[in-house]
Amino acid sequence: MPTVINRTANNVDSMTLFYKKDNVIAQNTINYLLSLGVFEQPYKTEKSPLELALEDVKAGRVTRIKDVNNFIEEVLQ
């Protein structure tokens, strides 16, 4: 059953649908409904590759290689 959320600020109703990833009929149905132009897709909340890279830098998961010898040392550790 879909979840309907009423957002009165923009006079917009939101609906969340749950389906299995491999359900082709559900995917085609949603794509068809979106192709009609009546419904809007929500903005993506996934992080961009740049945001993921910046998180890696902040967390210290980035190695800086000075030269080939340093690279070999870093790889063998």
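**Note on a predicted protein chain**

1. Aspartate 56 is partly exposed, with a relative accessible area of 28%, where partly exposed covers the range between buried, under 20% relative accessible area, and exposed, over 50% (1.4 Å probe, protein chains only). The side chain of aspartate 56 meets that of arginine 61 in a salt bridge, with N and O 2.7 Å apart, and arginine 61 is itself exposed at a relative accessible area of 55%.

2. This is a predicted model, in which local features need pLDDT of at least 70 and side-chain atom pairs count only at pLDDT 80 or more, while totals for chains, interfaces and linings use all residues. Residues are numbered from 1 along each chain as its sequence is written, and side-chain values use heavy atoms, with hydrogens and water left out.

3. The structure holds two salt bridges, a salt bridge being a side-chain nitrogen of Lys or Arg within 4 Å of a carboxyl oxygen of Asp or Glu. Besides the pair described above, lysine 47 forms a salt bridge with glutamate 55, and their closest N and O atoms are 2.4 Å apart. Lysine 47 is partly exposed, with a relative accessible area of 47%, and glutamate 55 also counts as partly exposed, at 32%.

4. The protein chain has three helices and two strands, which run β-β-α-α-α from the N terminus on; helices (H or I, at least four residues) and strands (E, at least two) are DSSP runs, numbered from the N terminus. Buried residues make up 4% of the 77 residues in the chain. Among contacts (heavy atoms within 4.5 Å) with a separation of 6 or more, residues 24 or more positions apart account for 0%.

5. Glutamine 27 is found in helix α1, residues 24-35, and is partly exposed, with a relative accessible area of 29%. Leaving aside residues up to four places away in sequence, glutamine 27 touches Tyr19 and Lys21. A polar atom of the side chain of glutamine 27 lies 2.4 Å from the backbone oxygen of lysine 21.

6. The chain exposes about 7,900 Å², of which carbon and sulfur atoms supply 56%; accessible areas come from the Shrake-Rupley method with a 1.4 Å probe, and for residues only the protein chains shown count as cover. Phenylalanine 71, placed in helix α3 (residues 68-76), is partly exposed at a relative accessible area of 44%.

Methods
Polar contact = N/O pair within 3.5 Å; in protein donor to acceptor, adjacent residues only side chain to side chain.
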